[in-house]
Amino acid sequence: MILGGGLFAIFGIFMSSFTTKLWQFIIMYGFFSGIGTGITYMIPLVCAYKYFPNKKGLITGIIVGSYGLGSSIFNIVATKIVNPENAKPYLKAPNGDKNLKFFDEMVADRVPMMFRILCAVWLCLILGSAALISLPSSSSEAESNYNQMENEGQNKINSASTSDIGSESGRTTP
């Protein structure tokens, strides 16, 4: 499922790099990548919920935060590909708006290549994700692993607290 949705999204973004009209770009980028991203968005959450059923809030925070962090990183990468010299926009808008400026053609001509490079990177990430993400063999197995870890942690807390009580009173516990 993650492979299918990811490939659907990449197809839309890759094909949008060849479009020459705005309506084509909207369909390719907006429709295809939107559907593909929607398909893959919940898969990591559902898998993680099966492994950590009692930590859904923490898992959701980590995964959704990672989505945001990834967007921040790819924003920087995309900017370095499209505008490596950090050129400032200076072309005036054709409608006469003094606050609206555009970049020169050199920057604009790099946008399709940026989409293609990012698609190649995303393809590698999606293939890796598809290989690594899996559900536990049974939900009871994940729950028993969690309960075992929880019991071990509780035993350590109990043994530490009983030894601390004895040492605080000045005598040692037998």
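Leaving aside its neighbours within four places in sequence, which residues is Ser 17 in contact with? Ser 17 touches Pro 112, Phe 115 and Arg 116, where contact means heavy atoms within 4.5 Å. A word on the model before the views: it is predicted, with local features needing pLDDT of at least 70, side-chain atom pairs counting only at pLDDT 80 or more, and totals for chains, interfaces and linings using all residues. Residues are numbered from 1 along each chain as its sequence is written, and side-chain values use heavy atoms, leaving out hydrogens and water.

**View A. Ser 17 in the loop between helix 1 and helix 2.** Helices here are DSSP runs (H or I, at least four residues), numbered from the N terminus. At 6% relative accessibility, Ser 17 counts as buried (under 20% relative accessible area, 1.4 Å probe, protein chains only). Its side chain joins that of Arg 116 through a polar contact of 3.0 Å (a pair of N or O atoms within 3.5 Å, one able to donate a hydrogen and the other to accept it; residues adjacent in sequence count only if both atoms are side-chain atoms).

**View B. The buried residues of helix 1.** Among them are Ile 2, Gly 5, Ala 9 and Ser 16. Helix 2 (22-41), helix 3 (43-51) and helix 6 (111-132) are included in what covers them.

**View C. The largest nonpolar core, 10 residues in all.** Its members include Ile 10, Val 82, Val 107 and Phe 115; such a core is a set of buried Ala, Val, Leu, Ile, Met, Phe, Trp, Tyr and Cys residues joined through side-chain atoms within 4.5 Å. Helix 6 gives the most to this core, with five residues.

Definitions and conventions: Buried means under 20% relative accessible area, exposed over 50%, partly exposed in between (1.4 Å probe, protein chains only). Helices (H or I, at least four residues) and strands (E, at least two) are DSSP runs, numbered from the N terminus.
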